[in-house]
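Welcome! Here is a guided look at one protein chain, for someone meeting it for the first time. Have a look at the picture, then read on.

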Amino acid sequence: RAIRSVAEIEANKASIRGVFAKVLRYGSGATDAVMLDNAEWLTKLNWIEMLRDIGRHFSVNRMLTMDSVRLRLEREQEMSFIEFNYMICQAYDFVELSRRVDCRLQMGGSDQWGNIVNGVDLGRRMGTPQLFALTTPLLTTASGAKMGKTARGAVWLNADAFSPYDFWQYWRNVEDADVVKFLKLFTILPMGEIAKLAALQGAEINEAKKVLATEATALLHGRDEAEKAADTARTTFEQGAIAESLPTLDIPHSELASGAGVLALFVKAGLVASNGEARRQIKGGGLRVNDVAVTDEKMMLTPDHLTPEGVIKLSMGKKRHVLLRPA
């Protein structure tokens with residue numbers, strides 16, 4: 001993982017807090033959430049004291065059996081010393097959380113089991129009350145793919161990295177077999193309503209997907225943004241118009257005036273990951289400019305391609321669109 005500067009870490013902390021403030025209430029009340037920074041205790045540790053007081057409780061033999069380490073070694077992938085020590089830091093975090101805010105339970109994905117159990121064991125050795133671990137299987141789709149991964153990368157929770165519209169579209173495009181499960185996991189709809197949606201068959205399943213998309217987006221971005229995303233999709237796909245609220249990418253007038261390569265623009269818009277992927281999509285008829293299929297990978301976009309609305313619409317498939325707007 002990349003080493004982050006202090007400024008980057010502070011910005012990430014603020015962003016994380018902002019995301020979770022939408023679903024948690026921070027405060028000093030008995031049921032309010034708190035957000036602690038482990039730098040408060042990790043940066044104050046003396047190396048020799050840490051080896052003596054904490055490191056002595058860890059068996060290298062046991063650490064080597066943990067999946068997070070064992071699988072890397074079996075694949076002969078390099079593991080730095082700082083990565084090897086990660087489980088020690090996470091275990092000590094659990095001890096400090098117990099001491100500071102009486103935290104007794106740590107929850108996480110199943111890939112965190114080894115790290116969390118190390119914390120339970122370290123707490124016992126360092127005199128905390130009994131600590132507990134709860135892990136859940138990593139979420140996958142019906143086809144076995146890990147959730148949150150798309151052609152564009154991770155599905156971010158903050159709107160500046162992944163717009164509410166893109167978030168809505170992610171849920172709208174889930175596999176049919178996943179709709180009911182995701183309605184139960186990612187919405188707060190009554191089970192009776194979910195049961196009614198589960199009864200939909202054939203093309204009607206799309207209506208359940210729209211409900212899933214709107215409800216999941218409302219939880220994270222608010223009801224107004226969710227309805228706006230739904231309206232944008234309706235305008236774009238059902239009415240065939242260009243919706244102003246589609247994701248927009250500003251490009252310099254000068255870049256368009258001199259002619260901009262279509263491959264590079266699709267990459268810049270985030271619709272494809274590379275020029276190579278763009279070429280493959282063109283061969284399969286998957287890329288369109290202003291709803292016209294791209295057939296020439298050397299195509300140059302110019303001001304002549306601007307629509308009456310003053311934008312150029314880039315599309316990959318039927319559901320992913322970005323508007324280029326000269327700025």
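A residue is called buried when its relative accessible area is under 20%, exposed when it is over 50%, and partly exposed in between. With 42% relative accessibility, E10 therefore counts as partly exposed. Please keep in mind that this is a predicted model.

**The chain as a whole**

The chain contains 16 helices and eleven strands. Its C-alpha atoms fill a box of roughly 70 × 50 × 40 Å along the principal axes. Of its 327 residues, 36% count as buried. If we take the contacts between residues at least 6 apart in sequence, 61% of them join residues at least 24 apart.

In one of the pairings, M107 has L134 in β2 as its bridge partner. Together with helix α8 (residues 113-125), β1 and β2 make a right-handed β-α-β unit.

**Helix α10 and its surroundings**

Which residues of helix α10 (residues 179-186) are buried? They are V179, F182 and L183. Viewed down the axis of α10, these buried residues fall within an arc of 105°, so they line one face of the helix. Their cover includes α9 (164-172), α11 (191-198) and α12 (205-221).

V180 also belongs to helix α10. Is V180 buried or partly exposed? Its relative accessible area is 25%, so V180 is partly exposed. Leaving aside residues up to four places away in sequence, V180 touches I194 and A198. From V180 to G144 there are 36 residues in sequence and 16 Å in space, C-alpha to C-alpha.

In soluble globular proteins, nonpolar side chains tend to be buried together. The largest nonpolar core here has 28 residues, and F167, W171 and L183 touch the most other members. Helices α9, α10, α11, α12 and α13 (223-238) each supply at least two residues of this core. The biggest giver is α12, with six residues.

What does W171 touch, not counting residues up to four places away in sequence? Its contacts are M147, F182, F186, K209, L212, A213 and A216. Apart from this core lies another one, of 22 residues, with V262, L263, V322 and L324 among them.

**Salt bridges**

Now for the charged side chains: the structure holds 20 salt bridges. Three of them are set out here.

| Salt bridge | N to O distance |
|---|---|
| K13 and E10 | 3.0 Å |
| R72 and E83 | 3.3 Å |
| R234 and D231 | 2.5 Å |

Let us take these pairs in turn. K13 and E10 both sit in helix α1 (residues 6-20), three residues apart, which is about one turn of the helix. K13 has a relative accessible area of 23%, so it is partly exposed.

Why does R72 count as buried? Its relative accessibility is 19%, and the cut-off for buried is under 20%. E83, on the other hand, is partly exposed, because its relative accessible area is 31%.

R234 and D231 are three residues apart in helix α13, so about one helical turn separates them. As a general point, an α-helix has 3.6 residues a turn, so residues three or four places apart point the same way. R234 is partly exposed, with a relative accessible area of 35%. D231 is also partly exposed, at 38% relative accessibility.

Salt bridges can share partners too: in this way E40, E96, R99 and R100 are joined into one network.

**Looking back**

Then find helix α10, with V179, F182 and L183 as its buried residues. From there, look for F167, W171 and L183 in the largest nonpolar core.

How values were computed. Residues are numbered from 1 along each chain as its sequence is written. This is a predicted model: local features need pLDDT of at least 70, side-chain atom pairs count only at pLDDT 80 or more; totals for chains, interfaces and linings use all residues. Side-chain values use heavy atoms; hydrogens and water are left out. Buried means under 20% relative accessible area, exposed over 50%, partly exposed in between (1.4 Å probe, protein chains only). Helices (H or I, at least four residues) and strands (E, at least two) are DSSP runs, numbered from the N terminus. The arc is that of the directions from the helix axis to the C-beta atoms. Contact means heavy atoms within 4.5 Å. Two strands pair if DSSP finds at least two bridges between them. A crossover is right-handed if, with the strands pointing away from the viewer, the path from the first strand over the helix to the second runs clockwise. A nonpolar core is a set of buried Ala, Val, Leu, Ile, Met, Phe, Trp, Tyr and Cys residues joined through side-chain atoms within 4.5 Å. A salt bridge is a side-chain nitrogen of Lys or Arg within 4 Å of a carboxyl oxygen of Asp or Glu.
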